[in-house]
Amino acid sequence: MTTPIRLRNVTKRFGAVEVIRDLDLDIEPGQFTVFVGPSGCGKSTLLRMIAGLETISDGDLLIGGQRMNDTPASKRGIAMVFQSYALYPHMSVRKNLAFGLETMRMSRAEIDRRVNAAAETLQITQLLERRPKALSGGQRQRVAIGRSIVRDPDIFLFDEPLSNLDAELRVQMRVEISKLHERLGNTMIYVTHDQVEAMTMADRIVVLKGGQVMQAGTPLELYNSPANRFVAGFIGSPK
Ligand code: ADP
Ligand code: MG
């Protein structure tokens, strides 16, 4: 599914502190959008507002043309993958993947079909009967992504999902996630503070600083024509 996301004059306050300021943003359907910016600039807050895990103080959130400000997280058609991919240690991989579906009204056959399809997509079919402790970091992260895929969401949100992995595995998983996007074609937003991740994975990059958009564009546009010194410095362009 390819669903657009629109943010209109979105502000987020925690008490008196404004952490997102009057932000306008169009996330195009089917694109792989990367939010990049230094720690504390509001990336996670923005993602959590889109996911419905955080309220919006002012402004509008539109998903697929519908105003979603007050829609519960479970009704937004969104799956979120976090950095800390807590798997249930006492359950097999198969059970970890199926667990979220078993609380929904879904037939056993449909659950099995989805689990097997997700496992195939992520190439973890041979790991389905193992426990999480018998998996490598990368394999665990795949299972965590698998738990999102089985829910068949319209939109995937990733909040620094690779930060806990070592450098080599990070590179490998970047490629895996890009392939996943190619295969599924969904709207995906990926948050990172890593410029290289942003430049190599994104269709479109949104550079954030202090709760505001510094610039949005393709990696090449940002590299060739950074809007300001901050973007230039962050993206690593020579200007
Ligand atoms: P990032 O993900 O870019 O590192 P965050 O979105 O986590 O940034 O945080 C943005 C700002 O909002 C930070 O200054 C952070 O301290 C603040 N913040 C985040 N969550 C809360 C909260 N629940 N209560 C108060 N302040 C928060
Ligand atoms: Mg964060």
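How many bridges join strand 6 to strand 7, and do they run parallel or antiparallel? I looked this up before anything else. I found 4 bridges between strand 6 and strand 7 (residues 155-159), and the two strands run parallel. One pair I noted is Ile 78, which stands opposite Ile 155 in strand 7. I keep in mind that the model is predicted.

**Entry: the whole chain**

I counted 8 helices and 10 strands in the protein chain. I then checked the radius of gyration, which is 18 Å for the protein chain; a compact globule of 239 residues would have one near 18 Å, so the two agree. Along the principal axes, the C-alpha atoms fill a box of roughly 50 × 40 × 30 Å. Of the 239 residues, 36% are buried. I also looked at contacts between residues at least 6 apart in sequence, and 65% of these join residues at least 24 apart.

**Entry: ligand 1**

Which helix gives the most residues to the shell around ligand 1? I found that helix 1 (residues 43-51) does, with 3 residues. The residues that surround ligand 1 include Lys 43, Ser 44 and Thr 45, and also Phe 14, Val 19 and Gly 37. Ser 39, Gly 40, Cys 41 and Gly 42 surround ligand 1 as well. I sorted the shell by type and got 3 nonpolar, 6 polar and 1 charged.

**Entry: strands 1, 4 and 5**

I traced another set of paired strands. Strand 1 (residues 5-14) pairs with strand 4 (residues 58-63) in the antiparallel sense, over 5 bridges. In this pairing, Thr 11 has Asp 58 of strand 4 as its bridge partner. Strand 4 is also joined to strand 5 (residues 66-67) by 2 bridges, and these strands run antiparallel. Ile 63 stands opposite Gln 66 in strand 5. The hairpin of strand 4 and strand 5 has 2 residues between the strands, and in this hairpin Gly 64 takes a positive phi near 55°.

**Entry: helix 2 and Leu 97**

Is Leu 97 buried or exposed? Leu 97 is found in helix 2 (residues 93-102). I counted 26 other C-beta atoms within 10 Å of Leu 97, so Leu 97 is buried, since 20 or more is the cut-off.

I listed the contacts of Leu 97, leaving aside neighbours within four places in sequence. They are Val 115, Ala 118, Ala 119, Val 143, Gly 146, Arg 147 and Val 150. Last, I compared Leu 97 with Thr 71: the two are 26 residues apart in sequence and 25 Å apart in space, C-alpha to C-alpha.

Conventions. Residues numbered from 1 in each chain as written. Chains lettered and ligands numbered in written order. Predicted model: local features only at pLDDT ≥ 70, side-chain atom pairs only at ≥ 80, totals over all residues. Rg over C-alpha atoms; globule rule 2.2 N^0.38 Å. Buried ≥ 20, exposed ≤ 12 C-beta atoms within 10 Å, placed from the backbone. Contact = placed C-beta atoms within 7 Å. Near = placed C-beta within 6 Å. Nonpolar A, V, L, I, M, F, W, Y, C, P; charged D, E, K, R; others polar. Pairing = 2+ DSSP bridges.
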